[in-house]
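Please keep the sequence and the model in view while reading.

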Amino acid sequence: MIDVEELKRRFRECYPEAGEAFVCRAPGRVNLIGEHMDYNGLPVLPMAIAQEIRIAFAPRTDGVITMQNVDPNYPRVRFENSDDIERSGAGSWENYCKAAVQSLNRNLEKTSFPGMDLLITADLPVAAGLSSSSALVVACALAYLGVLDQTLGRDVSRLELADMMARAEQYVGTRGGGMDQTVILNGEAGHACKIDFFPIRVELAPVPDDYAIVVCDSLVKVEKSGAALARFNAGPWACRLACGLIEQQAREEFGDEVELKRLGDLWFGPLCLTHDEARGLCERAIPKETMTLAEVCARLGQTEEMVRRRYIDTMQEPEGGFPLQRRLRHQLTEFKRVETARDALQAGDAEEMGRLMNASHASCADDFGISSRELDALVAAARESGAVGSRLTGAGFGGATVNLVPLEKVEAFIAGVTASYYHDFLKHAGEPPIFVAEARSGADYY
Ligand code: GLA
C-alpha cells in the first residue's frame, strides 16, 4: 500500500498546479452475518477492516472534478460539479464519486459547486464482496467535505453521512441498503457493529480475540453496479414483492390503514409484531412455495404494470413463478441469527458464532439463492480445514467468504483451503488470495 507521504508526492506530480493535498481514508468491510437484510430494515453484523481506499485531494476553483487512480487500469476522468451531475454509463467508476458529491450538494443545500483534484489508491480488492464501491463513495465524500470546509463529526455526524451515502449509492443503480456505508464510517478497532436501520443505530460487539476472521476470495468477480446488477437487485425486488403481499394480508387482518414500507416494519413499525406473530402473518400472506406474476397481480388487485412499477421493476419472472416463500424464510431466520450472533459475540462464545455463520450460509444458498458452486466449494474446504464457521459475505454470487478460525489453526487452515479450493478446485497456481481481517476504526483523515 502506498503510504501517505508517497501518495502526496505522487499527487504533486500528477497535479503540479494544485495546492497542498490532504489525505483521507475509507476502509473496506467484511460482513460476519446478516446478508441482504439491510435494505429491508433488518439488522446486520459487519466489521470495518484494515484494507482501505486512500485519496489525496485538493480544491480547484473552476468547478471541475478530476479523478485519477494510481492504478493505470482506471481511466483518468473529469466532470463538472453542478446541482445536477449527469450519470456516466453503468459500471463507470466515476459514478461513485458523482454519487457522493451530488448527495452532499443536495443535503447541504449548496448553491456553489467547487471542484477538486483526486488521486486514489487502494489495497482493497475490487468486486470481492468487501465493499470497495461504498469505500470509494465514502472516501470521495470525505474529500469533498474537506473541500467544503465541513468537519466530519461536527458539521455532519457519522450516522448522518452514512445515511446520506447509503441513499446516494442508489445513484449507481443498485438497490442495496446502508450496511456498508454505516460500518465504513462507524467501525471500531476490535469490534463488529450490529447495525439497525430506519433510523440507523450502531451497537459494538467485540470480535473474539482467540479466533481469527479469515477472508478468502473465491476469485469470482461480482461487479455489483455492472454485469451483476440485475442479479443483485433480484434480492431487493423479491423482498419488496413479498412485502406488498404481506401488507395486503395485514390490511385484511388489521385494517386498511396498515402500511408496510419494508419488511422490517413488521417488527419495528406500528404493528410491532413478535417473531412468531410476524412468521404467522408471512405464512398466511404467502401460503405456497412460488407465486406467478399473474397470481400476485390477482392477489394485489393490480395490473402487471403497477406491480412492476411498485415492486419488481424489470425483474424476470422465473419459470414456475417467484420463490417468495424461501426468500422470506431467509429474512425471518437470518434476522434471528443476527440477534443471536450479537449475543454470542458479547458473551465471547465463538463456537456459537461459528454455528450461526454456517446456518447463515445454508440459508443464503438454499433460501435466498445467492451462493454459487465456487462459494459452496470454498465454504466446504474451509470447514474441512478447521473453520468453526464459514459463509459467503456481501452481495453473493462470487466475491469472498468469511471464516472464523481458532488462532492456532490459521496456518493449517490456509494450507488446507489453498490445496483443496485454489489448487484442486480452481486450478489456480498463484498466491492464494486469503488474509486475516483485523477489525479497524471507520473512515477518517490522516
Ligand atoms: C451489498 C449491498 C449491501 C447489502 C449487501 C448484502 O454489499 O451494498 O447494502 O445489501 O450487498 O448483504
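**Asn69 and its surroundings**

A polar atom of the Asn69 side chain lies 2.9 Å from the backbone nitrogen of Asp71. The model is a predicted one.

- Asn69 belongs to strand E3, which covers residues 64–69.
- With a relative accessible area of 12%, Asn69 is under the 20% limit and is therefore buried.
- Leaving aside residues up to four places away in sequence, Asn69 touches Tyr74, Trp93, Leu119, Ile120 and Thr121.

**Aromatic pairs**

- The count of aromatic pairs in the model comes to 9.
- Phe268 has a relative accessibility of 42% and so counts as partly exposed.
- Phe335 has a relative accessible area of 2% and is therefore buried.
- One aromatic cluster is formed by Phe22, Phe57 and Tyr445.

**Charges over rings**

- Phe268 also has a charge over its ring: the charged end of Arg201 sits there, 6.0 Å from the ring centre.
- The ring of Phe79 has the charged end of Lys98 over it, 5.2 Å from the centre.

**Helix H3**

- Helix H3 comprises 16 residues (residues 132–147); at 1.5 Å a residue the helix should span 22 Å, and this agrees with its end C-alpha atoms, which are 22 Å apart.
- Of the 16 residues of H3, 15 are buried, so the helix is largely enclosed by the rest of the structure.
- After H3 comes Asp149, which has a positive phi, near 65°.

**Ligand surroundings**

- There are 13 residues around the ligand, of which Glu35, His36, Asp38, Gly177 and Asp180 come nearest.
- For His36, a backbone N or O atom lies 2.7 Å from an oxygen atom of the ligand.
- For Gly177, a polar backbone atom is 2.9 Å from an oxygen atom of the ligand.
- For Asp180, the atom concerned is a polar side-chain atom, which lies 2.9 Å from an oxygen atom of the ligand.

Conventions. Residues are numbered from 1 along each chain as its sequence is written. This is a predicted model: local features need pLDDT of at least 70, side-chain atom pairs count only at pLDDT 80 or more; totals for chains, interfaces and linings use all residues. Side-chain values use heavy atoms; hydrogens and water are left out. Rings of Phe, Tyr and Trp (its six-membered ring) pair if their centres lie within 6.5 Å; planes under 30 degrees apart count as stacked, over 60 as edge-to-face and the rest as tilted. Buried means under 20% relative accessible area, exposed over 50%, partly exposed in between (1.4 Å probe, protein chains only). A charge sits over a ring if NZ of Lys or CZ of Arg is within 6 Å of the ring centre and within 35 degrees of the ring normal. Helices (H or I, at least four residues) and strands (E, at least two) are DSSP runs, numbered from the N terminus. A polar contact is a pair of N or O atoms within 3.5 Å; within protein, one must be able to donate a hydrogen and the other to accept it, and residues adjacent in sequence count only if both atoms are side-chain atoms. Contact means heavy atoms within 4.5 Å. The expected span of a helix is 1.5 Å times one less than its number of residues. A residue is near a molecule or strand if one of its heavy atoms lies within 4 Å of it.
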